[in-house]
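I opened this model to look up its confidence, its domains and a few of its helix contacts. My entries follow in the order in which I went through them.

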Amino acid sequence: MAEVTTTNDSADRSSPAQDERLAHRGPVQQLLTRPEIGALIGAVGVWLLFWLVSAPFGTAGGTANYLDVAAILGLMAVPVALLMIGGEFDLSSGSMTGATAVIVILLSSDTAELGGAGLSLHLAVPLSLTFALAIGWFNGTLVDKTSLPSFIVTLGTFFILIGAKLGFTKLFTNKVIAEGLDKSGGYEFWNNIFGASWIRNGHVWDNRDWAWAGLLIIGAVVLILGTMELAYARRENPNMGGYLVSAIGTAVGAIGFILLLDQDGVGSNWVFGIITGAGVLVAVAGWCLARYQPAEREPAPTEHDPRVVKFLIAGVVAIVGAILIAAVMDSNNSDRLDFLTGTPGRAMLAIGIGATGVLAVLAALGRVSVGYPAIGALIALVPAVSYMITVQGARAILFGVLAIAGVVLLSIAARRRGLAELFTLLTSVGIVILAFFVRSEADSRKLRVELFTALLLIALLLAASAFARLIAARRSSAPPPPVHGPLARQIGTVLGLAAGLVSLILELADSDGVLYSIIMAVAKGGIVAFAVFALATLYRTLFTHDESVGRSLVFVGLGSVMLGIAAKLMFITSEEAAATQATTRFGVGVMLFLAFAVLGAWVLARTQFGNWIFAVGGNKEASRSVGVPAARTKTTLFMLVSASAWITGMVIAFRLNSVQANVGDGNEFRYIIVAVVGGCLLTGGYGSAIGAAIGAVIWGMITSGIGFATWNSDWRFLVLGALLLVAVLVNNYVRSQAEKVR
Amino acid sequence: MRKLWKLFALLLAFTLVVAACGNDDDTSEPAPSEPTEAAAPATEAPAPTEAVEVDPTDGCDHTYHVITHGDSGTFWSVVEVAVRAAAAAIGCDVVYFGSNNDALRQAQEIEAAIAAGSSGIAISLADPAGVQSAAEAVVAAGIPLYTLNSGVNNYKDLGATTHIGQTETVAGNGAGERFNALGATHVLCARQEQTNVALEERCNGLAETFGGQVTSEFVGLDATPDEQQNTIAAILQGDESIDGVLGVGPNLPLRALAAGEQAGRDLIIGGFDLSSDLIDQIEQGNVAFTVDQQQYLQGYLPVILMHLQATNLNTAGGGLPILTGPGFVDTANAADVKALVSEGTR
């Protein structure tokens, strides 16, 4: 709605921009129409939930724990997502993971003692890969030649694999477990590859927190600059005075921040905190004045929108409800809420179930809106959920949900009245108040320090964005494609490759395992290339009038935030090392999982093959008639899935050393579920690889999180189901809203 | 290109077949009968049922039937081996059938056994209601009926001579006493299935005799071993007071061992049933013990008892069940049991 503003720059082009196909969408709106947005919001929500209710969840050990579950799932979910986008399913993918593991052990383990074929692993491992590829090829070819649904074909392979796994295992070993991988020839070599892991306890780096904080702050700043660059229209000539103001603001903010970290008194914290915040706001304002065209006020909408009042009332009710909950419920009561065992709870359960049924019937008859049965279901769920959480936990969750809902509702109302900026400023003030409220009443360090800081930062960001929107004019057309990018990219690539090669040679000399060395080399080369690219982007931002720099800035910002998090997760300080006995390790599976997610996203977004995947998934015949090799694309996808199943199988086999014949059976549905949570459509032609990876992380967080929170595992699938449903619904709603506005 | 792939696949299939056949010759010698049917179920069903005709011999005019709800897992394959050994010992035909938790199939097979003129039928009662009418028909036909493994609460009502098995609660009790002796204070009873009565009973039995606190949780399926390990680690880190883990299956103790390392905790670990890796860890002292219900007895004894009843009119048990466990495997006997496990009889 706000995209069509008149600016000097594009005044003569403004009439074609009215066409919705040409309309430029702002960065936030582009993000909201991504397929993985629901999963992303869901992941943040689930992380926050478990971070609040359990102490170890947010630590590096907790992260390693759920990433490990996510990795075994995600290694498959990413290729399965590609296959689903290509319009097919592979139901044999789950049992395939176990099959490759079983095959390797049966082929390699000792003949006399364990009942295997006694081959060297140097032969058995490649053989199992060829087996996997052959099955993938078989699936793909059969689906293509017969035009049968892949659902049926791979169901056949699924049963065959399950039966063959069991049959051969029992035939060879007389048991259902294939055992004794470590007694096979060549075990050392292959275990170095598939059993390798990064052991955090062995990597001490005492200045880690400086790197972490530095990268995070730099990343956040660059991300904000990039978003502004994407959102606002550049001036013809920069206003140097604005840059000066911005520099002064930055200096003041930085000094304030350093003093804030240095001093420890409560009084001085106040002063330096305010100085830091003011400095940041001044810096943002100066930057906007310097670079962007001045904003023109949009006239407030004159026609009366009846929904504004609705949103306003709902928002106020939610906020009041949140405040009431915070005031009424006991913040120090860690007993279970438990409505279930008392009469009121049971009555509530009965009423809820009854109401759901009655309202559902009424909704089916068209008497009430379809939303009403959900209210009944909510009433029925309250007693069940209350059994799981403590009073203080319920208070935090209810408060959080109501407050966020209230703010979102009010902001919608404000936007429709043209008061978005004012409202954002008010919200940031509200969040500051909330932060001090949390600080005054919470007793754990996590809430008092970490949540407090996070809330203040969010408030600062909101205020800064409102400032920027008041000062700068929005873009009316998409930024041009990058001009200087390729050169920086080439330099970065060359330097990165060089660094990678040097690292590879050094690592191989240490002989920690081939794959491990390669991953480390890629990582180091990547960091060097990234640094070169970041410097080039900095140059482009400050010294050129290149309008395409926004995307590069966003990329650099996200990258350095990721690097910061990685530093925190992968390195331990000697202080921490002394305090813990736990061993935190990131296996090769986790590294491959992350690599898969990035590769999958790159293939989909940047390569011809990615376009082919979308094309054959959207409409196979149409794609074929425009020259896409549909059969080859689909067969390649099937083989990709089984090759990933082989990698997963190897990771499992070398971790467990003995594999039960049913390992992996039934997981194919998890892969599909996770891909759908990540935004893939069951009909094909639409979806995201990153989304599937995020979906896998959500699954990992939920299964591990329930353990960390010491919740009763009986409710595990209830929690899982509810959260999955919420993720998909949010996905649907947000996307439909965002696309409507365009 | 495509031809090349086909050639490749063919080559691979050939290699596999050669490997399979070559191996068959090497390993099948110690087994008394050739288990060639084991590969056949590959084409049937996800977890196939199977019927094994054991060693037809002359000189015995009795045929016995052992019809269980068992699948083809580690546990039931030992029962099957025992049935086969007992058949060889008495020199009669014994038909073993595992219905893989399908009560209808089990009932049909029982009725088929009656029609075939069986001299004795042993069944497991995982789903007593499902096979009740078939079991009553056995007694009505005047054929001796025995129950094995599950069914300790129902065998009398059905008119079975006796029950050969272990009660899960008694096994759990035994584990609880072990944990008391080992000095644990808070034991996590980790389950690999969420709604399995037998596993719940093991945990309840543990809670009955164990002096400290018991937390019973489902930690993930055997099909997702990585999830099991990480969930146990998460529970350990969520509750610092847990110092013991009882895994109510043969895989979970191994997962608990890895989880203990991950969480940096020194745990007293107990398990249920046997596997080579588990016994290795017991031998090395990393796992304290495992509860063994000695299912070999559950396959061997019914055949012998049925034969004695058919030929000598003996009825064992005296109206009470014959318990086959709990037996324990710990550091003291791990080495001896290990040899037996690899022979498939423990």
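**Entry 1, helix pair in chain B.** Before reading any angle I noted that helix axes are lines fitted to C-alpha atoms over the stretch in contact, and that angles run from 0 to 180 degrees between N-to-C directions. With that settled, and bearing in mind that this is a predicted model, I looked up helix 3 (residues 103-115) of chain B and helix 4 (residues 128-140) of chain B, whose axes come within 8 Å and cross at roughly 10°. Helix 3 of chain B is therefore roughly parallel to helix 4 of chain B, since angles under 35 degrees count as such. I then listed the residues that make the contact: helix 3 of chain B contributes Ala103(B), Leu104(B), Gln106(B), Ala107(B), Ile110(B), Glu111(B) and Ile114(B), while Gly130(B), Val131(B), Ala134(B), Ala135(B), Ala137(B) and Val138(B) come from helix 4 of chain B. Sorted by class, the residues of this contact are ten nonpolar, two polar and one charged.

I next turned to helix 22 (residues 588-606) of chain A and helix 27 (residues 689-708) of chain A, which pack with their axes 7 Å apart at an angle of about 155°. These two helices of chain A are therefore roughly antiparallel to each other, the cut-off for that description being an angle over 145 degrees. The classes here come to six nonpolar residues, one polar residue and no charged residues.

I recorded 28 helices and four strands for chain A. Its radius of gyration is 28 Å, close to the 27 Å that the globule rule gives for 742 residues, so chain A is as compact as a globular protein of that length. Along the principal axes, I read the span of its C-alpha trace as about 80 × 70 × 65 Å.

Six residues from domain 1 of chain A and four residues from domain 2 of chain A take part in the contact; on the domain 1 side, five are nonpolar, one is polar and none is charged. Chain B is divided into domain 1 (34-163 + 294-315) and domain 2 (168-292), with C-alpha centres that lie 31 Å apart.

I left the scores for last, beginning with the model's ipTM 0.80 and pTM 0.80. Chain A has a mean pLDDT of 83, with 90% of its residues at 70 or more, but over residues 1-17 of chain A the pLDDT is below 50, and this stretch has 32 contacts in the model beyond near neighbours in sequence. Chain B averages a pLDDT of 82, and 83% of its residues score at least 70.

Technical notes
Residues numbered from 1 in each chain as written. Chains lettered and ligands numbered in written order. Predicted model: local features only at pLDDT ≥ 70, side-chain atom pairs only at ≥ 80, totals over all residues. Parallel < 35°, antiparallel > 145°, perpendicular 65-115°, else oblique. Nonpolar A, V, L, I, M, F, W, Y, C, P; charged D, E, K, R; others polar. pLDDT = per-residue confidence, 0-100. Contact = placed C-beta atoms within 7 Å. Domains from an automatic or database assignment. Rg over C-alpha atoms; globule rule 2.2 N^0.38 Å.
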